[in-house]
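I set out to record what can be looked up in this structure. The entries below follow the order in which I went through it.

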Amino acid sequence: METVVRILVSNDDGVFSPGIKALAQVASEFGQVRVVAPDVEQSAMSHAITVRRPLHYTKTNIDGLEAYRVDGTPADCVALGAFHWDEVDLVLSGINLGYNIGHNIWHSGTVAAAKQAAFLRIPAIAFSAPYSDEPVDYEVMRPYLRQVIETFVAEPDMLLLNVNVPARPRGIVWTRQSVRHYEGYVVAGEDPLGRMHYWFAEEPTEEVEEGTDRWAVEQGLVSLTPIRLDLTDDVLLQRARAETAETPVG
Ligand code: MN
């Protein structure tokens, strides 16, 4: 753990989310912590970046930890944080209020903040926990957060890790992303003035494949999914190369 010195912490729920405070407090056991996070909620913003206007910092603090709120997206926050802090060793994102499993890994601003770090070759972990209207008990998650950070740091080839933590964890397991069933759907409704409106909603799938992120959290296990940046479908690529003549160059 001696190698971890500077830890940048971000999220997509906003700098004043209780989840980021819990994560920053655990991070401070491992090194020097700086929080750079969106000033307002940016959930489901995925990897959006701000390119048509400038970004601004406002200094704040979270229980004595150095913190900045930024008028941008989660990916913006990590890009700025890494720009202003030399040699960030680790980026932690979360703890998101709501799991990021299955297709939600694609929608997630929490994962995108960690992914932005991975783009910059900085190792990063995204943390998510179940959505709850009640205050979340982060104390019970704490030993698992510590163990996940220790496990990740001990895997030097691992650049990006997506972690989902059940409310009452009873263990840790390596998983793969569950993408067989998409949960997103559109609900049409009518407002009081008779205009149609639409909600993008999601309905949890009944079917759960063993070994996936969804399966793990339903078992009460902390789910660890290593994520890669290369989206190439290698099987299809090889088949296409074998079956289709490529146009000669020059
Ligand atoms: Mn969120």
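I began with the sheet: nine strands form an open sheet with mixed pairing, in the order β3-β4-β2-β1-β5-β6-β7-β11-β8. Strands here are DSSP runs of E with at least two residues, and helices are runs of H or I with at least four, numbered from the N terminus. Two strands count as paired if DSSP finds at least two bridges between them. I noted that β3 and β8 (172-174) stand at the edges with a single partner strand each, so one side of each has no neighbour in the sheet.

I recorded that the model is predicted: local features need pLDDT of at least 70 and side-chain atom pairs 80 or more, while totals for chains, interfaces and linings use all residues. Residues are numbered from 1 along each chain as its sequence is written, and side-chain values use heavy atoms, without hydrogens and water.

I then looked up the manganese ion. Its protein donors are Asp12 (OD), Asp13 (OD), Ser43 (OG) and Asn96 (OD1), at 2.1 to 2.2 Å; donors are N, O and S atoms within 2.8 Å of the metal (3.2 Å for Na, K and Ca), and sites may look incomplete because water is not among the atoms. Asp13 lies in the loop between β1 (6-10) and α1, and Ser43, 30 residues apart from it, in the loop between β2 (32-38) and β3 (57-62).

I checked burial next (buried is under 20% relative accessible area, exposed over 50%, partly exposed in between; 1.4 Å probe, protein chains only). Asp13 is buried at 17%, whereas Ser43 is partly exposed at 30%. In helix α1 (residues 18-27), seven of the 10 residues are buried, so the rest of the structure largely encloses this helix.
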